[in-house]
Amino acid sequence: QADGDADGLLAGLLGDGVRDTSIVIEGEYFPKNDSLEFLADVSSLKLDFIQKYLEGGMSDVTGDASGKLRIFGSLKKILMEGDIMVNNGKLKVDFLNTAYHFSDTVKVREDKFAFEDIDVRDAENHSALLNGEIHHDYYNNIVYNISIMPRNVLAMDLKASDGQNFYGKAYATGNVRIFGYPGAVNFTIQARTEPNTKVFLSLDNGSTVTVNNFITYVDRDAVVDSVAESDEYLEPKKTETHMKVSLTVEATPDAEVNILTSAEGDMLKATGTGNIRMEYDSKSDLQLFGNYEVEKGSYIFTLQNIIRKDFTLRNGGTIKWSGDPREGIINLDALYYVQAASLLDILDEADLEGLGRTTVPVNCLLNL
């Protein structure tokens, strides 16, 4: 009977992860003292149950775990410890839309899950080092602190359809820290861009702060009658995760930066150097700080969807931000080359006599 209670207790603790899993538990339970001491031999335990501990920061947690766990304490305060080998472990960093996989050992301790020097890989098999802990108070009051050190790893894979002003595909080397608790997550990212990075910043439609009316005035008597007539209670609505992101990027010429300046298609496309800091809060607007110096690139100029001209950016131009991304200070020179401009548009035919030609090459210089 003790073994059955313990198995049921473990099933309640781990949820659906116990399905299709081989768990052999041996030990003793002492009802008088409410004390238990078990040894669990786990084989191919599904890791889906960890998802609830990482809500808001990471998702799509999968994998199989095997190993031995000591289960002890009391029925009200269960403790576990041991080392578990995770095979084909996978997780997704929600804000960056990047997925990673690993096979390594996770340390289960009385008050935490610990990750020590875990070698994680992106979808293209680039390597990053993961360390961190998920702390808990008897599997409640979850607090996590995860550090990922990517080495030329796919660090961001956001699409324009994701609804953010900032998106694209970025490869980076640096440090990513994810910390918080279910419902509130923080990202602190320091990175240097690597080859094949291509990011976009849309300035046409800036994000806005919306105010929700969370107080609604109703007829109190009607509410009382409604509650009296029903024995059912509405389930509380799931609150959105409050997210804060602090991103510091050392931009290198390996990265292509695209700045969309209008809905008609005007766009700056550049490579260069600089240090950019982005601050994002899910309850406020995106903020940008720093200087970016253009090495080379182009400016696509459009007019009423009829005229489209590709200007070449000259080396040394700058873009500076001090907060609002739409208030960046741009100082760029762009060149458009016309191979054969007609002189007849500006000179009389008499002035062209003896020149032997009526067209000349022209460099059109545009200052932004």
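**Reading the chain, step by step**

Reply: Let us begin with the secondary structure, where the chain comes to two helices and 21 strands. Please keep in mind throughout that this is a predicted model.

Me: What share of the 368 residues counts as buried, and how is that word to be read?

Reply: A residue is called buried when its relative accessible area is under 20%, and in this chain 37% of the 368 residues count as buried. The chain exposes about 21600 Å², of which carbon and sulfur atoms supply 49%. As for contacts with a separation of 6 or more, 52% of them are accounted for by residues 24 or more positions apart.

Me: How many salt bridges does the structure hold, and which strands does the one between R70 and E81 tie together?

Reply: A salt bridge is read from a side-chain nitrogen of Lys or Arg lying within 4 Å of a carboxyl oxygen of Asp or Glu, and the structure holds 14 of them. In one of these, the side chains of R70 and E81 meet at 3.1 Å, N to O. R70 lies in strand β3 (residues 58–73) and E81 in strand β4 (residues 78–93), so the pair ties together parts that are eleven residues apart in sequence.

Me: Which distant parts of the chain does the pair E256 and K198 link?

Reply: The side chains of E256 and K198 meet in a salt bridge at 3.9 Å, N to O, and this pair links strand β14 (residues 255–260), which holds E256, to strand β12 (residues 197–202), which holds K198, across 58 residues. E256 counts as partly exposed at 21% relative accessibility, and K198 is partly exposed with a relative accessible area of 38%.

Me: Turning to the surface, which residues gather in a patch of negative charge, and which form a nonpolar patch?

Reply: A patch takes residues with over 30% relative accessible area and no salt bridge. The negative patch gathers D348, E349, D351 and E353; D348 is found in the loop between β20 (333–342) and β21 (359–367), and is exposed, with a relative accessible area of 54%. The nonpolar patch is formed by L303, I306 and I307, which together have about 290 Å² of accessible area; L303 lies in strand β16 (residues 287–303) and is partly exposed, at 39%.

Definitions and conventions: Residues numbered from 1 in each chain as written. Predicted model: local features only at pLDDT ≥ 70, side-chain atom pairs only at ≥ 80, totals over all residues. Heavy atoms only, no water. Patch = residues over 30% accessible without salt bridge, like charges linked within 9 Å, V, L, I, M, F, W, Y side chains within 5 Å. Areas by Shrake-Rupley, 256 points an atom, 1.4 Å probe, with all protein chains shown as cover. Lys, Arg positive; Asp, Glu negative; His and termini not counted. Charge placed at Lys NZ, Arg CZ, Asp CG, Glu CD. Helix = DSSP H or I, 4+ residues; strand = E, 2+ residues; numbered from the N terminus. Buried < 20%, exposed > 50% of the residue type's maximum accessible area, 1.4 Å probe, protein only. Contact = heavy atoms within 4.5 Å.
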